[in-house]
Amino acid sequence: MTDTPAATPRCPICGSPREQRFRPFCSRACRDRDFLAWADGRYAIPAVEAEDPDDGERPLPERHQDDR
Ligand SMILES: [Zn+2]
């Protein structure tokens, strides 16, 4: 991972040098792509979190009364 601040800013989508008129992206396609990914992620994230109810819902065994 090479991050050079002084170098030409890159498009976060495809890594090409960004275009001034489409910044921070290199083209309108990448800009639309980022928006789609963002919109898609907004709906995908809650769905993924809600689809994992198997973890964290385990009743702890509290039977230490007749241990001695
Ligand atoms: Zn791009």
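First, the ground rules. The model is predicted, so local features need pLDDT of at least 70 and side-chain atom pairs count only at pLDDT 80 or more, while totals for chains, interfaces and linings use all residues. Residues are numbered from 1 along each chain as its sequence is written, and side-chain values use heavy atoms, with hydrogens and water left out.

Now the overall picture. The chain has one helix and zero strands. Helices (H or I, at least four residues) and strands (E, at least two) are DSSP runs, numbered from the N terminus. Of the 68 residues in the chain, 9% are buried. Buried means under 20% relative accessible area, exposed means over 50%, and partly exposed lies in between, using a 1.4 Å probe and protein chains only.

Is Cys-11 buried or exposed? Cys-11 is buried, at 3% relative accessible area. Cys-14 is partly exposed, at 41%.

Next, helix α1. The helix covers residues 28–50, and Arg-33 is in it. Arg-33 is exposed, with a relative accessible area of 51%. Its C-alpha atom is 7.8 Å from that of Ile-13, 20 residues away along the chain.

How many salt bridges does a search of the whole structure find? One. A salt bridge is a side-chain nitrogen of Lys or Arg within 4 Å of a carboxyl oxygen of Asp or Glu. Here Asp-32 pairs with Arg-28, and the closest N and O atoms are 3.8 Å apart. The two sit four residues apart in helix α1, so about one helical turn separates them. Asp-32 is partly exposed at 34%, and Arg-28 is exposed at 53%.

Last, Trp-38. Trp-38 is also in helix α1. At 48% relative accessibility, Trp-38 is partly exposed.
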